[in-house]
Amino acid sequence: MKLKDKVALVTGAGSGIGRAIAALFSAEGASVFLTGRRRDSLDATVKSLKGRSAVSTGDVRRPEDADRWAAECERTFGGLDILVNNAGIIGNGGILDFNRSKWRDLMDTNVEGVIEVTRACAPLLVKRGGGSIVNLGSVTGIRPYGGLLGYCVSKAAVNMITQSLALELAPKKVTVNAILPGVVVTDLHRTGGMDEGAYAAFLERSKTTHPSGRVGTPDEVAEAALYFASPGARWTTGVLLSVDGGRALTAAR
Ligand code: NDP
């Protein structure tokens, strides 16, 4: 039980990677505070949890929701030890088909969402005398992909947020690390606009773009989050950890 007596707040806990993290943290003894916009999917995650949990709907793009989550989490569980900034969206588009409202949505969700939820929750970690923040970046934050401008920029920003906050919060015994997954099978790409046919073709092609010969699973990403959140990683901060079957190492040849 690596997270016995710990309290974790996970954004985007109703599906994919966030759901896997909530389930693994719960199995490791944590009380889990689950957030996201859709109540039904959060409730479905709760069914897979073993221990104490609470659900609160809201939107990472709304700073007042972040403040409310922090207050509710403190009221319900007495504090907070682990924050997982997992909620995120993807959207295609480059400079020639630039769409301002899609760009804003990516920045508001993937960048300012991380900032605002962290702003609201970090004081609780400091109050506890230390804790961990785990951010979900992406291989796209360290490798550019044409036609994916907003997403790549947003995930590169997550890396800098991670390392800047790692320096700021280290004296407070709060670690800040990021996981950079390759392609993982979740709803992300389809919600972001890929139809079923295009997604199937993308997954097939991903077998060749990942040296491991396959895409990843949410559970494999959750294991990395567990490491960063566990006491064994208390001196590990500012790390951008690729969990991608070797994807970030590749270059066209
Ligand atoms: P999912 O689409 O399954 O999960 C994303 C979650 O974020 C959903 O539960 C969604 O819930 C929540 N969310 C989205 N927008 C908001 C918002 N404005 N406010 C609150 N919650 C929101 O995708 P993944 O599990 O794949 O994605 C999780 C993270 O992993 C993301 O940050 C993603 O960028 C990153 N990632 C994923 C990869 C992949 O291949 N799948 C690869 C690299 C990184 P709801 O709609 O109910 O709000």
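The model is predicted; local features need pLDDT of at least 70 and side-chain atom pairs pLDDT 80 or more, while totals for chains, interfaces and linings use all residues. Residues are numbered from 1 along each chain as its sequence is written, and side-chain values use heavy atoms, without hydrogens and water.

Next, show residues 7-11 (E1) and 31-36 (E2), which pair in the parallel sense over five bridges. Pairing requires at least two DSSP bridges between the strands; strands (E, at least two residues) and helices (H or I, at least four) are DSSP runs numbered from the N terminus.

Then select residues 82-85, strand E4, which runs parallel to E1 and is joined to E1 by three bridges. Here Ala-8 stands opposite Ile-82.

Now show the side chains of E1. Val-7, Leu-9 and Thr-11 point one way, Ala-8 and Val-10 the other, and all are buried (under 20% relative accessible area, 1.4 Å probe, protein chains only).

Last, select Lys-6, Gly-130, Gly-131, Lys-173 and Arg-234, which of 15 lining residues are the closest to the centre of the second largest pocket. A pocket is an open set of points on a 1 Å grid over the protein atoms alone, where a 1.4 Å probe fits, with protein on both sides within 12 Å along at least five of seven lines; lining residues have an atom within 4 Å of a point. Strand E5 (131-136) and helix H8 (218-229) each give two or more residues to this lining.

Definitions and conventions: Buried < 20%, exposed > 50% of the residue type's maximum accessible area, 1.4 Å probe, protein only.
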